[in-house]
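Let's take a walk through a protein chain together, going from its overall outline to a few single residues. Take a moment to turn the structure around before you read on.

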Amino acid sequence: METKKLYYDDSHRKTFTSKVVSCTQAEGGYQVILEATAFYPEGGGQPSDTGVLGESRVLSVRETEGQIVHLCDTPLDVGMEVTGTIDWERRFDFMQQHSGEHIVSGIIYEMYGYHNVGFHMGSDVVTFDFDGPIPAEDLQTIEDRANAVVWENLPVRCYYPSEAELPTIAYRRKRDLPWPVRLVEFPGVDLCACCGTQVQYTGEIGMIKLLSCVKFHDGVRMEMACGKRAQKILATIFDQNRQVSQAFSAKIWETGAAANRMNETLAAEKFRSASLEKQLFSYIAKEYAGTSLALHFSESLTPAANRELCNAIAQQADVAVTLTGTDDTGYGICIISRSQNAKTLGAAAVAALGGRGGGKPEAFQGTVTANRSKITAYFQQEKNNLT
Ligand SMILES: [Zn+2]
């Protein structure tokens, strides 16, 4: 016998009483079947309800051949009357997302003729796929139209047309479906075959926010959040924007321009400091003119700048060794030489001083862990060997 599906009579029913038809032990708990239930099973992209049945916790719900199977954490006596209560906040959230998805899919179908070919309710956002391209600049129009439908507070109608009536109805579907078919109608917006639960009035959705739209296969994948989810996401984004606005001393409506200006300033500053570094490096290099092995320490150069400095010194000395860092942090090392094999020198140095690195005969780069006095003593010895 099929379970009576109370969620189709009234999608807002939170509690009900019914009789236990069967209860069998299964993996992860007990499978309970009732005469009637308000628990929605997994289906049509909508996750199953959770809640309680009597003293037992309902962990998940699925449908098998018309029977709704509740996976409960404790057994229930066959024949007993139980009161079931669904986790309403979870269900209402799913209904907000699901109804929002129908409205957006209906609008996209009308605007482009594309079908919704995938639908997934994640724990934070909803993703859905369409079988054609949607230009990014159209997203705002779609979102505006969807929200206008929400605020019109249209009644949502779910019904089963008769077998004769069904072929005469133009409803949105990927393929023809055998009768009976449950249709969900958002008047003037969408008419679609659906097995899920829906809000009674579109106003319950509250708001629809399209979050992204990216190319996916031959079409697009969209991310969306409706109702409370949308409000939570927007609150988080608003808080982030408030922090950005404070950091940039910009009005909250002008943070984008402020961030772009900051990027431009930063790029100009990078250019300026690079040219100052270059000048500084050439002054430093001159101090080593004619040296057989130049050893130079600095504290906080980037690996690229340390190499630049090494290169500048190598124009003046036979072997240039530059280190950047401190005894606490360790050192980055660069060796460049016109007359010696820098790779061989470097490999010997990191072997003796602890560290690692690699390079080519002209240039070696790596790190060493020894302290400054050990490094100095090591290269003093190297210098003596060279002369
Ligand atoms: Zn649906």
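## A guided tour of the chain

Let's begin with how the chain folds back on itself: among contacts between residues at least 6 apart in sequence, 57% join residues that are at least 24 apart. Please keep in mind throughout that you are looking at a predicted model.

Now for the overall outline. The C-alpha trace spans about 100 × 50 × 40 Å along its principal axes. The radius of gyration of the chain is 35 Å, whereas a compact globule of 387 residues would come out near 21 Å. Buried residues account for 32% of the 387 residues.

How is the chain divided into domains? Domain 1 covers residues 4–86, domain 2 covers 92–235 and domain 3 covers 273–386. The C-alpha centres of domain 1 and domain 2 are 27 Å apart. Where these two touch, domain 1 contributes 9 residues and domain 2 contributes 12. On the domain 1 side of this contact you will find 3 nonpolar residues, 6 polar ones and no charged ones.

Let's look at a barrel next. Six strands close up in the order β2-β3-β7-β6-β5-β8, and their pairing is antiparallel. On average, neighbouring strands in this sheet are turned by 45 degrees against each other, ignoring direction. To see one of the pairings, find strand β5 (residues 51–53) and strand β8 (residues 81–86), which pair in the antiparallel sense over 3 bridges. Within this pair, Gly-51 of the chain stands opposite Ile-86 in β8.

The loop between β11 and β12 deserves a stop of its own, as it is the place of Pro-180. What kind of peptide bond joins Trp-179 and Pro-180? It is a cis peptide bond, with omega at about 0 degrees.

His-217 sits in the loop between β14 (208–216) and β15 (219–226). Its phi is near 50 degrees, a positive value in a residue other than glycine. Is His-217 buried or exposed? His-217 counts as exposed because it has 11 C-beta neighbours inside 10 Å, and a residue with 12 or fewer is placed in that class. Ser-249 belongs to the loop between α4 (227–248) and α5 (255–286). Phi of Ser-249 is also near 50 degrees, again positive in a residue other than glycine. With 7 C-beta neighbours inside 10 Å, Ser-249 therefore counts as exposed.

What does β18 pair with? One partner is strand β17 (residues 319–326), which runs antiparallel to β18 and is joined to it by 8 bridges. The link between β17 and β18 is a hairpin that passes through 3 residues. Along this pairing, Ala-320 has Ile-336 in β18 as its bridge partner. Another partner is strand β20 (residues 363–368), which is antiparallel to β18 and joined to it by 6 bridges. There, Ile-333 stands opposite Gly-366 in β20.

As you trace these strands, one general idea is handy: in a regular strand, the side chains alternate between the two faces of the sheet.

Key: Residues are numbered from 1 along each chain as its sequence is written. This is a predicted model: local features need pLDDT of at least 70, side-chain atom pairs count only at pLDDT 80 or more; totals for chains, interfaces and linings use all residues. The radius of gyration is taken over C-alpha atoms; the globule rule is 2.2 Å times the number of residues to the power 0.38. A residue is buried if 20 or more other C-beta atoms lie within 10 Å of its own, exposed if 12 or fewer, and partly exposed in between; C-beta atoms are placed from the backbone. Two residues are in contact if their C-beta atoms, placed from the backbone, lie within 7 Å. Domain bounds come from an automatic or database domain assignment. Ala, Val, Leu, Ile, Met, Phe, Trp, Tyr, Cys and Pro count as nonpolar, Asp, Glu, Lys and Arg as charged, and the others, Gly among them, as polar. Two strands pair if DSSP finds at least two bridges between them. Helices (H or I, at least four residues) and strands (E, at least two) are DSSP runs, numbered from the N terminus. Axes are lines fitted to C-alpha atoms, for helices over the stretch in contact, and angles run from 0 to 180 degrees between N-to-C directions.
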